[in-house]
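Hi,

Here is the complex I promised to pass on.

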Amino acid sequence: MYRYDTYDKAMLTDRSNEFRHQVARRLAGEITEDQFKPLRLMNGLYLQLHAYMLRIAIPYGTLSTRQLRRLAWVARTYDKGYGHFTTRTNLQLHWIKLRDAPDVMDALAEVDLHGIQTSGNCIRNVTADPYAGATADEVDDPRVWAEVIRQWSTVHPEFSYLPRKFKIAVTASAKDRTAARSYDIGLQLRRDREGQLSFEVMVGGGQGRTPYLAKTIREHLPADRLLSYLDAIIRVYNRKSRRDNIHKQRIKILVATLGQEEFARQVEAEWAKIEAGTVDLPDTELARIRGAFRPRAFETLASASKAFEAAKADLAFARFARHNVKPHKVAGYAIVDVSLKAPGETPGDCSSEQMEALADLADRHSFGEVRVNYTQNLVLPHVKLDDLPELYAGLKAVGLATSNIDLVSDIIACPGLDYCSLANARAIPVAQAIALRFADPERAETIGELKIKISGCINACGHHHLGNIGILGVDKKGEEFYQLSLGGSGDNDASLAEILGPAVHFSRTPEAVDALVDTYLSHRRDGERFLDTYRRIGLKPFKEAVYANAD
Amino acid sequence: MKVLTANSLATGEVVFWSRGRWAKAFADGERFADEAGAGTALAAAESQSTIVVAAYLIDVEEVDGHWVPVSYRERIRALGPSNTPQHGKQADGDADVAALVAATFAARSTGRVKLIKR
C-alpha cells in the first residue's frame with residue numbers, strides 16, 4: 001500500500017494546524033460564519049441537520065488496518081461509535097462537534113487520512129476498482145494510476161476553483177466495478193497486443209438533476225500521457241463551462257452542449273499545446289509509486305480447498321460462498337465481499353466494534369488490507385480459500401456475514417433527510433423496509449441479481465438513475481413520496497433508469513417494489529436477471545402491476 | 001405560530017430559542033404568535049454569532065394537544081434520525097417526544113396510495 005511521503009505528511013500537518021487556528025478564530029468571533037464556512041468545507045466538515053458531518057476521503061477505497069482501527073477509535077471517541085460508508089468510497093461521521101474537529105483532524109493525519117477535497121469545486125477523492133490487485137481480469141493495478149491522480153490533483157492550484165466538483169474513477173478490468181460511465185472522467189485501462197497500456201477516456205458522465213452517461217473522447221490514450229491529457233480536459237472545462245447557473249456547471253453539461261466530437265477536438269487542441277514532459281510523470285516516479293502496489297507475498301496453493309468445500313455442508317456458509325466469495329487471480333485465494341446491508345440495518349453503516357473486528361480479520365486473513373466498494377460494502381481482497389470458514393465465523397460474530405451481495409436487499413441508500421440538509425425525503429427507512437420485506441435469503445436468491453438504489457433528493461448520491469429499480473424521494477405537500485424508475489445500470493451495460501409513473505407514498509413503496517419483483521418473476525425467462533427481463537418486456541407490464549389506474 | 005431554531009456553533013446541536021436562552025428540547029422552545037416578537041428574537045439570535053449558526057423561524061402547529069413543527073424536515077431535526085431512535089433528542093423519550101414521533105410518522109394524506117393495487 002502507498003504510504004504518505006514526507007511531502008504528503010508535511011502538507012497534512014500544515015493543513016491540520018491551519019484548521020485548528022481557523023476553528024479557534026471562528027469560536028472566538030474573529031471571523032464570521034460566511035468567512036469560516038468555505039474553510040471548514042475545504043476540510044470536509046459540513047453542518048447538517050443534527051450536527052457537523054466530517055467526510056473523510058479514502059483514496060481509491062483502500063484502507064490499511066491501522067487506518068481502519070483509527071477510524072473506529074475516532075468514531076467511538078468523537079462521534080457515536082459508528083461511521084457511514086458512502087457511494088464515493090468515503091467515510092462520513094455524522095455527529096462531530098466543531099470544537100473537537102481539530103483533534104479529529106490530527107488523529108486522522110497521523111494515519112494519512114483527512115477530509116481535504118471531499119467538498120467544494122475541486123477534484124474529489126479518486127475511486128478505483130475495489131478488487132484491484134486481486135482480480136484476474138485486470139491488465140494492471142488501477143490504484144497505481146489512481147495514486148498518480150491523487151498526487152497530481154491534491155491542492156492543485158489551477159484546479160482548486162473549478163466551475164463545480166469533479167470526480168474521476170479508474171478501472172483496469174474488463175468488468176467495470178466503479179460505475180465509470182457516471183463519472184466526470186471515467187478511465188478504463190487496457191493493454192494492447194504489444195503490451196502497451198492505454199486508457200479509454202470517458203468524459204461527461206454524472207447523475208443529479210440531469211443525468212448523462214460519459215462519452216468516450218479517446219479510445220487509446222498512452223498511459224504515460226495521462227496527466228497531461230487530464231490537464232487538457234480540465235482546462236477546457238475550466239475555461240468553457242458556464243459559471244452562471246449551478247445546475248449547468250458540471251462538465252456533463254459542457255460535453256452535451258458542445259457535442260462529444262467538438263469537445264474531444266478542443267481537448268486534443270489544448271493537449272497539443274502542453275509540452276511533452278512538463279506535466280506527465282517521469283518513469284522513475286511512476287516506478288516509485290508502482291512499488292507501493294507490488295503484489296502481496298501469496299503462497300503457492302492448490303486451486304481447490306478441502307476445508308472450504310467441506311464447510312459448504314453448512315447451508316448458510318454455502319450461501320455466503322455463492323454470493324460473497326469471488327475468484328482471485330492467485331490459485332487458492334478468494335476475494336471476499338463484506339456486506340454492510342444486513343436487512344433492517346442502515347446501508348453503509350459500520351460500528352467501531354465491527355471496524356475493529358474487521359481489521360483483526362484482515363490482519364489475520366487478508367494481508368492487512370480492506371477496500372471500500374461504492375456499493376457501500378467492504379472487501380477483503382486476498383483471503384485463502386482454506387481460511388474462509390474461519391473468516392466467515394469471525395464476520396458472523398460481529399454481524400458482518402450477510403450473504404446478499406447484488407441481491408435485492410443489497411440496497412444503496414444515501415443518508416437522506418434523516419441527516420442531510422439537502423434532502424427532501426428519507427432514504428434509509430425505505431431501504432430498511434424493502435430489505436426486511438425481502439429478508440428471506442431463499443426468496444432473495446430466487447429473485448437473483450437486483451440492484452435497488454435510493455436517493456433522498458435529486459442530487460442522486462444514492463445513484464437512483466443507475467438502479468435496476470431506482471427510487472427517488474420527493475416532497476409532495478409536506479409528505480414523503482417516492483418516484484420509481486426502472487432499468488438503470490452502473491455496470492458495463494450502463495444505462496439510465498426510466499421513470500415508471502407517479503410517485504408513491506412512503507408507506508406503499510415497499511409493496512410497490514414487491515409488485516415490480518412479482519412482475520419480473522412472472523415474465524422471467526431462463527437465466528434472466530431483473531434488468532434483462534425489463535429490457536426485453538419494457539415498462540408497461542411493470543406499470544400495470546403497480547398502478548391500478550395507469551392511464 | 002412560530003418557533004426560532006438554530007444549531008449550536010461549537011457542537012452543531014439543534015437548539016430552540018426560549019426567552020433569551022437556547023433550549024435543547026423542541027418542547028421548551030418559545031412560541032411566537034406575532035411576527036414582531038418572532039422578528040425581534042431572530043434579530044437577537046443573529047447577533048449571537050459565536051453561540052449559534054443558521055438561526056431561522058419555523059412554523060409549528062398543534063396536533064392532539066402537543067405542538068409540533070409543520071415541516072417534516074423540522075420534525076426530524078427536533079427528534080433525531082428516524083433510523084436510529086437511540087440518537088438525537090428522541091433518545092430522551094418523554095411525552096413531548098412521543099407526541100412528536102406520533103405526529104411525524106403518521107401519514108397525513110391519502111395522496112396517491114389508491115393508485116396501488118392490493
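For reading the confidence figures: pLDDT is the predictor's confidence in each residue, on a scale from 0 to 100. You'll want that because this is a predicted model. Chain B has an average pLDDT of 87, and 88% of its residues reach at least 70. The stretch I'd flag is 107-118 of chain B, where pLDDT stays under 50; the model still has 29 contacts there beyond four places in sequence. For the complex, the predictor reports an ipTM of 0.92 and a pTM of 0.96.

Now the contact between the chains. Chain A puts in 40 residues and chain B 32. On the chain A side, α14 (428-437), β19 (479-486), β21 (504-505) and α16 (509-523) each contribute at least two residues. That side of chain A is made up of 19 nonpolar, nine polar and 12 charged residues.

Within chain A, the division is into domain 1 (6-109), domain 2 (134-291), domain 3 (306-397) and domain 4 (412-546). I looked at how domain 1 of chain A meets domain 3 of chain A: their C-alpha centres are 29 Å apart, and the contact involves 21 residues from domain 1 and 20 residues from domain 3. On the domain 1 side, β3 (62-64), α3 (65-78) and β4 (82-85) of chain A each provide at least two residues. The most come from α3(A), which gives seven. By class, that side of domain 1 has eight nonpolar, 10 polar and three charged residues.

Cheers

Conventions
Residues numbered from 1 in each chain as written. Chains lettered and ligands numbered in written order. Predicted model: local features only at pLDDT ≥ 70, side-chain atom pairs only at ≥ 80, totals over all residues. Domains from an automatic or database assignment. Contact = placed C-beta atoms within 7 Å. Helix = DSSP H or I, 4+ residues; strand = E, 2+ residues; numbered from the N terminus. Nonpolar A, V, L, I, M, F, W, Y, C, P; charged D, E, K, R; others polar.
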